[in-house]
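Hi there,

Here is the structure I promised to pass on. Have a look when you get a moment, and my notes follow just below it.

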Amino acid sequence: MHGRKFSMFRHSASAALLAAASLGLVLTGSGCAKNPEAQFAWRDSTELLIPDARKTVQKTMHESFGTPHDLVAWARMPVQYGGLAPAAAATDDAAAGDAAPVDNGPFGHQLQLGRQVYMKNCLHCHGVAGDGAGPTARYLNPKPRDYRLGLFKFTSTLAPERITRDDLHRVVKYGIPGTYMPSFLLLDKPGTGDVNTKAVIEYVRWLAMRGEMEKRIDDELVDYSLASIDDEIAKAKNSYESAKASGEKADPPPSRSALTRKAAGDFKTYLAEDYADAVDGTADFIAENWIRADEEASLIVPKVARVTDNAASRERGRLLYMSDKTKCYTCHGHTGKGNGPATEDFWPKPGSTEKYANRGLHDVWGNKLSPRNLRQGQYRGGRRPVDVFRRIYAGIKTTPMPAFGGTVLKDEDIWDVVNYVMSLPYEPEVPSAGPAKAPRMAATEARQ
Amino acid sequence: MMRSLRTAAWAIVPAAALAMCGCGGGADATTTVTYRPSRSDAAVATDAVPGAAAAASTEVAVAGGVGSIKGRVLIQGNVPPLPPLYAKGAAPKDPTICGLEAAPNESIVVNDGGLANVFIYLPKPPKGYASSPVTEPAIFDQKYCVFKPHALVVRTGQPLSILNDDPALHNTHTYPSRNTGFNQGIQANDRTGVKLVYTKPEAKPLQVGCDVHNWMTAYHLPVDHPFAVVSGPDGSFEIKDLPAGKHDFKVWHEKALELEKAFSITVKAGETVEIDIPVAASKLAGFQAAPSKIIQLSSTR
């Protein structure tokens with residue numbers, strides 16, 4: 001095993017390293033000498049719950065997923081933890097929910113290995129909890145993925161479905177071009193069965209399920225959060241002041257402590273009546289979604305082979321791209337440079353009454369987002385034609401890019417658009433077959 | 001064997017960490033994995049009960065009789081009418097399609113003192129109430145780049161047909177919190193419709209937008225019972241066939257968000273309760289409290 005060789009090497013070098021270390025200790029004093037213990041950072045929405053609710057959520061999360069040092073392998077979640085589950089659970093229905101290959105190792109070894117690989121290679125950007133807020137994250141644009149919504153952009157699955165293990169495998173192995181996500185092709189030696197890659201993928205899936213669980217439970221408890229108490233006070237203050245201004249009598253706004261006490265009382269009732277069901281339903285929802293992602297029916301398979309990539313097909317693709325039918329140009333621009341008029345607009349912020357403060361499109365994490373510049377020949381979700389086909393068919397999850405497949409475009413049409421888009425990096429910026437400065441007219445002609 | 005090597009390596013780990021890169025995340029720390037069964041036995045046992053209990057108590061609900069609620073959402077104070085989002089012919093995008101009509105600003109619609117588009121609903125079905133599924137599709141249309149209707153209640157499991165009456169692409173993009181998000185292009189002039197099904201009830205209405213036309217917004221509320229309505233153009237609403245007893249309604253409007261957490265109404269069997277819901281005009285100012293600040297002191301994020 002190469003791990004053993006590595007240890008031996010370290011053994012022989014240990015004296016030198018220890019000397020260096022003690023020197024380092026003297027020099028740096030406290031600094032980095034003692035690593036802080038890794039922990040799963042809580043979501044802001046958890047931290048903002050009233051104390052009773054927060055402690056309840058944290059307890060649920062600890063019981064269901066543990067800590068970075070004491071992992072909990074919850075059989076409900078479709079994760080291949082590795083090894084055989086304890087005998088007592090042999091009849092457990094969901095433990096068998098994911099048909100894992102026969103594996104006689106100690107239970108949980110794959111999760112353990114995944115954690116180790118993750119902590120060495122991934123946490124710098126993606127953070128201990130997979131929140132995309134590792135120490136390096138603040139310097140990066142685009143931001144590292146925050147797994148905690150359970151959503152990933154580049155998938156081979158239908159619009160409502162999650163990412164598959166194969167998709168994650170490809171991303172880990174080959175990276176995401178145009179971003180900071182590098183290729184981890186060297187994580188495994190050829191012929192070793194991608195043990196490390198597979199383990200880290202299970203760990204990432206597990207982190208995603210963990211994060212989504214926390215998010216969804218927080219959403220259920222939004223009435224018991226300091227944020228909603230703040231909201232209530234602000235509202236009461238607002239109506240009090242406007243009543244006073246118009247000379248009416250009104251009750252002064254309630255105090256924070258009174259509202260917190262009331263929320264705590266309400267939470268007690270909720271905890272007794274509804275909490276367990278909410279957690280249970282949430283866990284089932286998450287598990288079902290992740291199980292479905294890896295089912296064959298979730299995969300996008302083009303119904304027709306790629307339309308021959310020739311001038312006629314590209315022209316059909318171009319007319320579609322410029323048409324009101326697809327409106328590709330509104331985001332990706334008339335020349336495909338990703339600078340369409342939508343990038344100049346102010347867009348509403350979902351779930352609030354406001355708009356984003358800066359122009360342009362945003363993803364569900366609230367990060368500003370540029371539509372892909374199609375003239376660079378760089379495709380984040382993969383450069384195989386079928387990858388581009390799938391981007392158009394199912395849209396790009398978490399972004400404004402909608403799904404076109406099955407409704408707006410037939411599979412043949414999508415291939416035409418793929419052929420056109422993939423020809424763009426090699427063509428002059430003004431499409432020669434159309435009117436130079438009036439692409440809208442081209443679309444109108446196409447319809448007639 | 002492995003373990004002894006591990007122990008040997010232990011002495012080096014802090015040193016290596018120091019010499020190489022300083023603060024790591026404890027990649028080499030020993031970890032334990034604890035097995036947790038899918039469901040505890042207690043949970044399985046209680047799972048079996050609700051079905052039977054629900055069936056039994058539906059009869060109780062029927063035995064208690066049903067009544068209705070009727071009323072209006074009334075604005076207290078003055079709300080000036082909002083100008084349209086754009087005038088006829090002046091759509092910021094697709095003027096030849098969207099601009100055929102002015103786009104009304106439906107965020108606050110007041111007619112005759114009544115507030116429209118207010119959701120009045122029970123957050124969960126009355127105790128023991130078992131509702132039958134709805135199979136007839138609900139219609140969600142788009143015309144002149146405006147969603148129709150602006151506020152819609154839909155049942156879980158009920159198919160929602162998304163139509164398009166414009167000769168241009170729309171995409172319907174939902175932002176639910178319990179359901180799976182939906183972002184699908186809707187073909188120009190699509191009169192057959194694209195099907196959307198909400199599988200879970202939501203705690204509050206969710207926003208629906210179109211990424212092609214940024215002014216287009218609407219609200220959907222998926223619920224798992226029939227006791228949810230949207231107030232009409234003049235603020236009137238009616239909820240029928242409620243089991244007799246006290247019910248706590250949530251009242252929600254897109255500008256004020258949650259207007260009432262628990263608006264209590266007592267229903268008597270065979271009677272119609274007439275009740276108006278007052279809303280102070282100042283609540284529609286469309287404000288939200290500044291989010292509370294969190295200071296993260298952890299360096300392990």
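Helices here are DSSP runs of H or I with at least four residues, numbered from the N terminus. Please keep in mind that this is a predicted model.

With that numbering, Ser225(A) sits in the loop that links helix 7 (195–220) and helix 8 (226–245) of chain A. Beyond the neighbours within four places in sequence, Ser225(A) makes contacts with Ser45(A), Leu48(A), Leu49(A) and Ile50(A). Ser255(A) lies 30 residues away from Ser225(A) along the chain, with 15 Å between their C-alpha atoms.

Next, a helix pair. The axes of helix 3 (residues 51–65) and helix 9 (residues 256–293) of chain A come within 10 Å and cross at roughly 20°. Angles under 35 degrees count as roughly parallel, so that is how helix 3 and helix 9 of chain A run relative to each other. Their crossing is right-handed. Helix 3 of chain A brings Asp52(A), Ala53(A), Thr56(A) and Thr60(A) to the contact, while helix 9 of chain A brings Ala264(A), Phe267(A), Leu271(A), Tyr275(A) and Val279(A). By class, this contact has six nonpolar residues, two polar and one charged.

Finally, chain A as a whole: its secondary structure comes to 14 helices and three strands. Of its 448 residues, 40% are buried. Among contacts in chain A with a separation of 6 or more, 65% join residues 24 or more positions apart.

Definitions and conventions. Residues are numbered from 1 along each chain as its sequence is written. Chains are lettered from A and ligands numbered from 1 in the order in which they are written. This is a predicted model: local features need pLDDT of at least 70, side-chain atom pairs count only at pLDDT 80 or more; totals for chains, interfaces and linings use all residues. Axes are lines fitted to C-alpha atoms, for helices over the stretch in contact, and angles run from 0 to 180 degrees between N-to-C directions. Helices (H or I, at least four residues) and strands (E, at least two) are DSSP runs, numbered from the N terminus. Angles under 35 degrees count as roughly parallel, over 145 as roughly antiparallel, 65 to 115 as roughly perpendicular and the rest as oblique. A crossing is left-handed if the near helix is turned anticlockwise from the far one by less than a right angle, and right-handed if clockwise. Two residues are in contact if their C-beta atoms, placed from the backbone, lie within 7 Å. Ala, Val, Leu, Ile, Met, Phe, Trp, Tyr, Cys and Pro count as nonpolar, Asp, Glu, Lys and Arg as charged, and the others, Gly among them, as polar. A residue is buried if 20 or more other C-beta atoms lie within 10 Å of its own, exposed if 12 or fewer, and partly exposed in between; C-beta atoms are placed from the backbone.
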